[in-house]
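Here is a short report to read alongside the sequence and the coordinates. Keep both open as you go.

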6 protein chains.
Amino acid sequence: MSENGRFLPSERVLSGQTADVYFLNTRQILAAEGSNPVVTMEVFPSRDGILCGMKEAIALLAQVLPETGAVWGLAEGEPMSRREVVLRIRAPYQAFGIYETAILGILASESGWATAARACVDAAGGIPIIHFGARHVHPDVSARLEYAAVVGGCAGCATPAGAALAGLEPSGTIPHALILCFEDTVRAVEAFDRHIDPAVRRIALVDTFKDEAEESLRVARALGDRLWGVRLDTPAERGRVTPELVHEVRARLDQAGFPHVKIVVSGGVDPDRIAAFRAQGAPVDGFGIGSAISRVSPIDFTADIKEVEGQAIAKRGRIPGPTPNARLERIL
Amino acid sequence: MSENGRFLPSERVLSGQTADVYFLNTRQILAAEGSNPVVTMEVFPSRDGILCGMKEAIALLAQVLPETGAVWGLAEGEPMSRREVVLRIRAPYQAFGIYETAILGILASESGWATAARACVDAAGGIPIIHFGARHVHPDVSARLEYAAVVGGCAGCATPAGAALAGLEPSGTIPHALILCFEDTVRAVEAFDRHIDPAVRRIALVDTFKDEAEESLRVARALGDRLWGVRLDTPAERGRVTPELVHEVRARLDQAGFPHVKIVVSGGVDPDRIAAFRAQGAPVDGFGIGSAISRVSPIDFTADIKEVEGQAIAKRGRIPGPTPNARLERIL
Amino acid sequence: MSENGRFLPSERVLSGQTADVYFLNTRQILAAEGSNPVVTMEVFPSRDGILCGMKEAIALLAQVLPETGAVWGLAEGEPMSRREVVLRIRAPYQAFGIYETAILGILASESGWATAARACVDAAGGIPIIHFGARHVHPDVSARLEYAAVVGGCAGCATPAGAALAGLEPSGTIPHALILCFEDTVRAVEAFDRHIDPAVRRIALVDTFKDEAEESLRVARALGDRLWGVRLDTPAERGRVTPELVHEVRARLDQAGFPHVKIVVSGGVDPDRIAAFRAQGAPVDGFGIGSAISRVSPIDFTADIKEVEGQAIAKRGRIPGPTPNARLERIL
Amino acid sequence: MSENGRFLPSERVLSGQTADVYFLNTRQILAAEGSNPVVTMEVFPSRDGILCGMKEAIALLAQVLPETGAVWGLAEGEPMSRREVVLRIRAPYQAFGIYETAILGILASESGWATAARACVDAAGGIPIIHFGARHVHPDVSARLEYAAVVGGCAGCATPAGAALAGLEPSGTIPHALILCFEDTVRAVEAFDRHIDPAVRRIALVDTFKDEAEESLRVARALGDRLWGVRLDTPAERGRVTPELVHEVRARLDQAGFPHVKIVVSGGVDPDRIAAFRAQGAPVDGFGIGSAISRVSPIDFTADIKEVEGQAIAKRGRIPGPTPNARLERIL
Amino acid sequence: MSENGRFLPSERVLSGQTADVYFLNTRQILAAEGSNPVVTMEVFPSRDGILCGMKEAIALLAQVLPETGAVWGLAEGEPMSRREVVLRIRAPYQAFGIYETAILGILASESGWATAARACVDAAGGIPIIHFGARHVHPDVSARLEYAAVVGGCAGCATPAGAALAGLEPSGTIPHALILCFEDTVRAVEAFDRHIDPAVRRIALVDTFKDEAEESLRVARALGDRLWGVRLDTPAERGRVTPELVHEVRARLDQAGFPHVKIVVSGGVDPDRIAAFRAQGAPVDGFGIGSAISRVSPIDFTADIKEVEGQAIAKRGRIPGPTPNARLERIL
Amino acid sequence: MSENGRFLPSERVLSGQTADVYFLNTRQILAAEGSNPVVTMEVFPSRDGILCGMKEAIALLAQVLPETGAVWGLAEGEPMSRREVVLRIRAPYQAFGIYETAILGILASESGWATAARACVDAAGGIPIIHFGARHVHPDVSARLEYAAVVGGCAGCATPAGAALAGLEPSGTIPHALILCFEDTVRAVEAFDRHIDPAVRRIALVDTFKDEAEESLRVARALGDRLWGVRLDTPAERGRVTPELVHEVRARLDQAGFPHVKIVVSGGVDPDRIAAFRAQGAPVDGFGIGSAISRVSPIDFTADIKEVEGQAIAKRGRIPGPTPNARLERIL
């Protein structure tokens, strides 16, 4: 799909069904009064972060603004500061007023996620992170979450829809469900190895039935060189993955002749725990991260009208007229 | 739309595009091995809360399970405890395994929001709350947010799509944008009064250009008995709405002969601030709430396979076999 | 009045009426015993600060000590350290023992205030501060408070008595009372402008009836170049003055052609809030400060006898004999 | 002196020298405009406490108000709540406007002290407290401090001026200075006993040269039945008075046949330390308190005009018109 | 061994080698001066706790005091309060002065341990606790630690010497060392079962090589009814034993037909963790506790001379003469 | 006694009476099975510290290991890191397995004490520290405590047994008991001076009956040049020794002509209080320390089998095979 295509707005958004109803009322009143002033609206975030959602917001504006409209903004993935103007729209108000809710919501969700992803990526200091938090958000928006995680710096994500939006192939290992169906980790991994495209990495999940160190050696012996890595995902009931466990599994794999087998860590991983793994020198080759990104709050954005028909104006608390920001580029 | 219709899954969900890819791989492996065991899967939350999303999850399962499948669960809007089983599915695994991501995501998002809404509603002690947080989340999911807020106890919500899902009419007042276009609050309110269906309540926003107390009296004088209420939404730059401001506006409205005009408070309202308003006896007639609900984390849910072909099983950390829960009802 | 005159002790002090009665008893006992030993007494503070009250203490000692007495001390306004000797008196004990209470009290009150003023002045980094806290202390001592605030670095103070003590003209703007009597800010400011000596700065108080930004523009339009500045004094019920409000009023005044109008901020200002204004770059031209100075505790001073008739002595806990302090200068 | 006489305002107050200059300007403007509206002014505190200073405020108003003026208030020493109206004045504004600074200052200082005294008294649960904090404040106001301490519940105070204001005899023991002049505690106490009116209690200070327990026995043996008590005032350098010290001195006095000798404790005593003495059952017969009262902040009071010529009015943040308070009594 | 025999002092203690040398000097000085006053010495603890060590202290005094000596005290294992006299000795000072160090040390160590044990026992609410902390203290004193743990309420202890002192048989399970020597848990347990007296309970340690749940089932299957229980001792590197693990092992044992197999928990157990296990309803049948008892500080005891030759005396800070304590019983 | 002799194990340790009984069982099982594998055992601490007890542990191993055994370790008194291997034993397991309890206990107790002593010594920055905490631990282990304190850096200790172990003469001053027997400090000190070997320093305890400053001068006048120093040991009931007291006693001794008399401080001294004395420049010549060392927890040590018959092995949570540590030296 072309990038344009990827970010097209849905019919529900275009029709105004997702707008706060008072914007629909406002459009009706202005139309009844025969008023359609050219206004300048500015959008800014409530805290520092990584801007995400601009491609989607622009795709929407491109569809609804008349020729006379103009849009300026920062680029997708740029860092932004609290209260910095990241988007400026100048157009007749009836053309876009009802989309304020949608535009703010797109930026809020996606920037919140991209910012959280960046915090994980920064903590990991070069160790790649795969995002697999789709299970923590509604499926109608999970692809946006995965896309934003990649914008924030994640190396991969888990759903086909999210990966498509991000321009990647989806990443995955083996779920507990497969192992439970086979009632044995080695049997499940061997079946995976038989049937799945050899281009897909073999990463065995090793905490389902046995101690992780024991199971790691069993799967390494079963798959040999075809095993790319093991994933440690120890449940909270067993104390989660510890840095010492990674050290030990690494040592036991090396001692048994499997130095090529990598170690991926998942299960409640977040920036603090990443930092703890690194502080103790745990030889982690990759992290899988879910709720550390999905659980963060959206970054609230605000839209302010700063000019009406060329006249500087603002509500109380804001400074009338456009806010200077040399970083803004003309987009539409 | 019938309730059934309201909660139908989207094509993307049905097709598996929003599934974690390892579930798709698992289905492929089992099919290749000719294995399709009947499994019992249980779903439980990671913290206490209000269960929401069950109608949508059941609508999905109703489409994909074979006749032999069975589903038990708690009802939409029920309180649930940490680690309590709220949904149990027994069916051939290939039929539903790929929907684990979607089902967990639906419950996670909507239960998180409903639980946050309930905290606001409990704090408000009978004062109605209108939810208008659509602007804080992506528009593809904002109707779910609004629906969940209503399940949690909110009296209304702001978008047509959300209200439709919740079976209500959308609620709204007047945005700052309308007032800025008219460059005066009274003129904007009068235009609203001219053109909008008289069945819609006239609630004037009174912080745009002037002090709230002064503006409240101006709009009350302009609309008289047709004015239902005023909305105080003082920006943070002006110190937000304080309990004392509500007391003063109430007193000034009463002194000027407008005891019928109600006072709605919005702007950064959350359970703590609601409690503060109530502790100081502020005469609030309604709260408008946004990010206090949208900013909360999803409630993570976990799905566990507990039986395979009638045999109790579980991964490490979990107890094999179905978990007794007398509250569960047979649904499908 | 000559400086000497300004700091003369009152009759009540001289008569011993304000002395702790046990000092009066001590004088009576020593007289009855025919004992009047030459003692050396030292005075030191309980914490670091700015020394204030020395002029008044010296004026008292100058009246009561015989020719044989001698006094050493630090100068008014000097910084002093915890437990540093700031005053040393050597004289026959009957001549000055009863004034211990008064001398300690003078230094305690005035040094406490001067120290607090210095903290404000240091926080303000060059922005002038006017003290107007007379309303927070008893009128019999308010001039001392104002004098001490000026010793601590304030640029002005508000009462004629305090200003006289400090050698300044009193400073003032316009009270809420005047505006309430005129029932309109602009009318009150115009009356002030008509009747008050043109040498007095016109500083309009702009929070009485209307939003501060709106009222600032009204008074600027009414007085034009004669307006020296506006004072923002937003009450706590309206969220106090915020840095954003100063920014906005500055911008709106500039946009309306009144860049010459200065902005003075008052209302609960203290060093922390001054720091916050400066950290956010708020364009404040002056602060008005009241309780941040008047509310601080006095700095307790202690007087110790360290020699009796040339013999080193001290009570338990103190080291006998005079304490070396090279900073002390002979004063009397 | 008659009570009236005791609280008469000073000439400096009456002349307006202690008024904030903008009130003097206001009077000048109103006079120039020929305006002298009857206004209602209300005074309220910023926190809960004990009201003190009313007698003095009323004495001032009695001198300056015309016959047509009226005053309502709470009585001296009454408890008051945050923001409760404690004083209401209705009179032509020119008659009393310039006294706002003085009236607020009187109430602020004295109520602050009385409230702090009450906290000590409440902590002491019936053990009498003598106030001797004159040394911590300027002598021009120390009598007000002592008066306020007695209004707050103290049983005595130390300066003749303060005691006169409070209608008591001044209380005192023996200062360290007397003992240092005699170079021995027993000799000093014996001299006291020789020369001071037998009606005055003999209370020996016992920490000057020797351990308190040893010195207590020495003075008890020297004065026998004439000794009323000992005062423990251990300096911080010796660890202050501890509850165990009181227990031990009590035991040693009793064992030596001096059960009649009482124990007074001083030195950094405040409500927390009083509570600690009582929690450990220390047999204290009296506390001497200084800076625990003098160091507290004044209670800021605010004066609001709520009516002008019978018309309800108020500045922003306050409710127009008189505030109902059934506790107010007509005073003038 | 008779109880008397068990607590006899060692030759080093009797000879004074373990006394602080200044007590030896004191004996020498008194002897040289021909002075041997009868003194009353009292001993009290610095905090609340369980008194332990009295039997040993009394056994020492019984050997060294002359006929004329007398001893009063509380009984072994009694609760005691901070500063309560628990031991009183009246005898010629030369006879026992040099044993002050030893007596205080005995009481300090053993009371500290008994008090810590009681805290564990109280937390466990009836679940038996076995003490095995000998490895955390020097072997010359480990039997005293074990004895004190039993006095504090522990149901058993691990060393022959400690058990003998406490009048019990030593308790033990299986160390990791045995399993490592056999390189398999089941083989080690079977060897234990072959060679150890059948009267000794078979308690298998199940965390050495495999996941605890898996290993529990293996040993249960191997020993059947002869298996008394399993011990969970998960190392910190694997997240320690969690309440959930106990629940799961219980469930899996029950499901496999081994409801008779009990579960013992060890590894960093202390009162807080015991409380957490109980709060989550974990079905624990016994706790093994080590450092939670051995790591606590001794309870410092103080010895005071309160009478010399019948004359009440005391050092500064203490009250002369014996302290009344109705709980004291005559012992010698 | 030769150093070897000093650290010989007791018969109880050699006989296994102080071993956890499961090690005795293990030896019995291995013997019955005819198994005596050569194992490598490693010992490491649970936190950073000063290693102490190695001489005693090695003396034990030297007695029990066969010729084929080998031992590596760090030296007594070396700093060690958390989890660093400090002792490695390779020998047939039956020869030494039962001594694991004793070896760990020796290292735990003594390293804990040495580490605490080092913290005091580091805080004191060169001011010598005498240890006298024997009274806080059982006399069977007090010599070990004193030895460990000296290993940690203390300059002396108080019991003959402890001093012998440390290769020193015991240090002591004068106990309160001696002074109480003489009922006067000066008389007691004079008796000490008459009868005790002149080689022993005369250090007078000066807080028993009188204020410390007063008593210091009395003993200085009594003994003159023969007085080496005074010890301040003010009880908590008198506020403990303060830095100001040391300053004052120093000044008063100097003023009275006794600059040669040193000042030793004791009573609740620990690293924090040492730091406070030094921060205030208190002229302390020595500290006496007791519970600051005796109250610390042992440092738990762990012993792990890492090889069996040349095969790398380890329990879960540990890495199989010997742990590299270049600091280890061959000892046996």
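In which helix of chain D is the place of Asn25(D)? The model is a predicted one. In it, Asn25(D) sits in helix H3 of chain D, which covers residues 21-33.

**A residue at a chain contact**

Asn25(D) has a relative accessible area of 11%. The cut-off for buried is under 20%, so Asn25(D) is buried. What does Asn25(D) touch, leaving out residues up to four places away in sequence? The partners are Phe192(C) and Ile196(C). Both carry the chain letter C, whereas Asn25(D) belongs to chain D.

**How the copies are related**

A rotation of 180 degrees, with 0.0 Å of shift along its axis, places chain C on chain D with an RMSD of 0.1 Å. This is the relation of a two-fold axis. Which surface do the two copies use to meet? Of the interface residues of chain C, 100% are also interface residues in chain D, so the copies meet through the same surface.

Chains A and F follow another rotation. Here 120 degrees, again with 0.0 Å of shift along the axis, superposes chain A on chain F at an RMSD of 0.1 Å. The two copies are thus related as by a three-fold rotation axis. Which residue of chain A comes closest to that axis? Asp272(A) does, with its C-alpha at 18 Å.

Chain A holds 14 helices and 14 strands. Its C-alpha trace spans about 80 × 40 × 30 Å along the principal axes. The chain has 332 residues, and 64% of them are buried. Take the contacts in chain A between residues at least 6 apart in sequence: 73% of these join residues at least 24 apart.

The surface comes next. Chain A exposes about 11100 Å². Carbon and sulfur atoms supply 49% of that area. As for charge, chain A has 35 positive and 41 negative side chains. The centres of the two sets lie 2 Å apart.

**A helix in chain D**

Helix H6 of chain D runs over residues 100-124. How far apart are its end C-alpha atoms? They are 36 Å apart. At 1.5 Å a residue, the 25 residues should span 36 Å, so the two values agree. Is H6(D) enclosed or open? Of its 25 residues, 21 are buried, so the helix is largely enclosed by the rest of the structure. Gly125(D) follows H6(D) and has a positive phi, near 50 degrees.

Key. Residues numbered from 1 in each chain as written. Chains lettered and ligands numbered in written order. Predicted model: local features only at pLDDT ≥ 70, side-chain atom pairs only at ≥ 80, totals over all residues. Heavy atoms only, no water. Least-squares fit on C-alpha atoms with pLDDT ≥ 70 in both. Helix = DSSP H or I, 4+ residues; strand = E, 2+ residues; numbered from the N terminus. Buried < 20%, exposed > 50% of the residue type's maximum accessible area, 1.4 Å probe, protein only. Contact = heavy atoms within 4.5 Å. Areas by Shrake-Rupley, 256 points an atom, 1.4 Å probe, with all protein chains shown as cover. Lys, Arg positive; Asp, Glu negative; His and termini not counted. Charge placed at Lys NZ, Arg CZ, Asp CG, Glu CD. Expected span 1.5 Å × (residues − 1).
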